[in-house]
Amino acid sequence: MSYAAFCDAVLRADLDTQCFAIDTWQGDAHAGYYGEDVYNDLRTFHDPRYAAFSELIRSTFDQALDYFQDGSIDLLHIDGCHSYEAVCHDFNNWRAKLSTRAVVLFHDTNVRERNFGVWKLWSELKMKYPNFEFMHEHGLGVLAFGSEVPEVVLKLCNLSSPSDIAVIRNRFAFSGRSCILEAMHVQAQRDISAAELRVTRTESER
Ligand SMILES: C[S@@+](CC[C@H](N)C(=O)[O-])C[C@H]1O[C@@H](n2cnc3c(N)ncnc32)[C@H](O)[C@@H]1O
């Protein structure tokens, strides 16, 4: 879901960028273990829309590491297994790959259950780097890691007025909620159509 959102942003803003999604697409202790349908569905969705600039790399994060040059990644989204040990491992392994403009996004900074530990790494990193945290849903940490992070990101990270921060958080929480409601609406319409079809078939069989 988030990877598709990044790719969509690249398309909409007409950016000259390359994107890579790295995942075993087998699942993990937190996401749950899942079957081939997840990868196949994603491939079917991804290729016609994003294949011109994006690749799905089916491997572990560690196996993919050698295929990226040091200092080459401007935006890194970390969203693998969410234990403290796993997220520290992923961040420490990939930090050499980050460019001077790099921003790192940490998914699930606001989850306090099931041995999630992103919040703990986030609480350590936010003392060291400019940052902004979206709190809604599972939380998303924006870390201004590089020494030359774009001005607009620094502006977000340097907000200090509680009311300005609240406006931004509320705006994004509201947008997120609208997306969820829209998806629920589409699913409900599909369910209704399927139910109507079943009724029509049953009636025609009588
Ligand atoms: C929460 S999901 C990620 C969702 C994704 N960020 C998105 O676009 O919405 C976590 C994923 O991490 C993958 N994963 C966990 N540990 C991994 C590892 N060490 N190497 C590769 N993939 C891993 C799992 O297969 C699972 O699909």
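The ligand of this predicted model lies between two domains, because domain 1 (1-67) and domain 2 (69-158) both give residues to the shell around the ligand. The domain bounds come from an automatic or database domain assignment. Since this is a predicted model, local features need pLDDT of at least 70 and side-chain atom pairs count only at pLDDT 80 or more, while totals for chains, interfaces and linings use all residues. Residues are numbered from 1 along each chain as its sequence is written, and side-chain values use heavy atoms, with hydrogens and water left out.

**The ligand and its shell**

The ligand is surrounded by 18 residues, where a residue counts as near if one of its heavy atoms lies within 4 Å of the molecule. The closest are Ser2, Tyr3, Asp23, Tyr34 and Asp79. By type, the shell divides into 6 nonpolar, 9 polar and 3 charged residues. Here Ala, Val, Leu, Ile, Met, Phe, Trp, Tyr, Cys and Pro count as nonpolar, Asp, Glu, Lys and Arg as charged, and the others, Gly among them, as polar. Helix H1 (2-12) and strand S2 (27-28) each supply at least two residues of this shell. Helices (H or I, at least four residues) and strands (E, at least two) are DSSP runs, numbered from the N terminus.

| Protein atom | Ligand atom | Distance |
|---|---|---|
| Met1, backbone N or O | oxygen | 3.0 Å |
| Tyr34, side-chain N or O | oxygen | 2.5 Å |
| Phe61, backbone N or O | nitrogen | 3.0 Å |

The protein covers 77% of the 600 Å² of accessible area that the ligand has on its own, as computed by the Shrake-Rupley method with a 1.4 Å probe.

**The nonpolar core**

The largest nonpolar core has 22 residues, and those with the most contacts inside it are Phe91, Trp94, Val104, Phe106 and Leu143. Such a core is a set of buried Ala, Val, Leu, Ile, Met, Phe, Trp, Tyr and Cys residues joined through side-chain atoms within 4.5 Å. Strand S5 (73-78), helix H4 (84-94), strand S6 (98-107) and helix H5 (118-125) each supply at least two residues of this core. Domain 1 (1-67) and domain 2 (69-158) each contribute at least three of its residues.

**The chain as a whole**

The chain has 7 helices and 8 strands, and its C-alpha trace spans about 70 × 45 × 40 Å along its principal axes. Of its 206 residues, 32% are buried, meaning under 20% relative accessible area, with exposed over 50% and partly exposed in between (1.4 Å probe, protein chains only).

Notes
Polar contact = N/O pair within 3.5 Å; in protein donor to acceptor, adjacent residues only side chain to side chain.
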